[in-house]
Amino acid sequence: MTTQKQVRTNFWGYIKEVAPQYLKEYKTSKRQNQYSADVRILFVDYIDSLHKSGTIKQNLAYKVTL
């Protein structure tokens, strides 16, 4: 993954598998802080795991937002 859009798309696919109860929150017009704390925590953990595994580069991990 090399773009923020790819990361966000993959995140929502991940949510569909591990925590489908949060899918109802997905709206393309929402800003990051408009999501629940649970979704934001899942996103941060997801980004951290992608960075640690080398799937995304450090600069993308630092700038990607939900």
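In the predicted model, arginine 8 is found in helix α1. With a relative accessibility of 25%, arginine 8 counts as partly exposed, since that class lies between the cut-offs of 20% for buried and 50% for exposed residues. Leaving aside residues up to four places away in sequence, arginine 8 touches Thr65 and Leu66. The C-alpha atom of arginine 8 is separated by 16 Å from that of alanine 37, which lies 29 residues away along the chain.

Arg8 also belongs to the lining of the largest pocket, as does Leu66. Other lining residues include Lys5, Thr9 and Trp12, together with Tyr26, Lys27, Thr28, Ser29, Lys30 and Arg31. The space in this pocket amounts to about 220 Å³. Sorted by class, its lining consists of 5 charged, 4 nonpolar and 3 polar residues.

The buried residues of α2 are Val39, Phe43, Tyr46, Ile47 and Leu50. These residues lie on the same side of α2, because they cover an arc of only 95° around the axis. Their cover includes α1 (4–18) and α3 (58–63). On the face of α2 turned away from the buried side, Val44 and Lys52 are exposed. Just after α2, glycine 54 takes a positive phi of about 85°.

Terms used
Residues numbered from 1 in each chain as written. Predicted model: local features only at pLDDT ≥ 70, side-chain atom pairs only at ≥ 80, totals over all residues. Heavy atoms only, no water. 1 Å grid on protein atoms, 1.4 Å probe; cavity = no way out; pocket = protein on both sides within 12 Å on 5 of 7 lines; lining within 4 Å. Points joined across faces, edges and corners; volume = space filled by probe spheres on them. Nonpolar A, V, L, I, M, F, W, Y, C, P; charged D, E, K, R; others polar. Buried < 20%, exposed > 50% of the residue type's maximum accessible area, 1.4 Å probe, protein only. Helix = DSSP H or I, 4+ residues; strand = E, 2+ residues; numbered from the N terminus. Arc of directions from axis to C-beta. Contact = heavy atoms within 4.5 Å.
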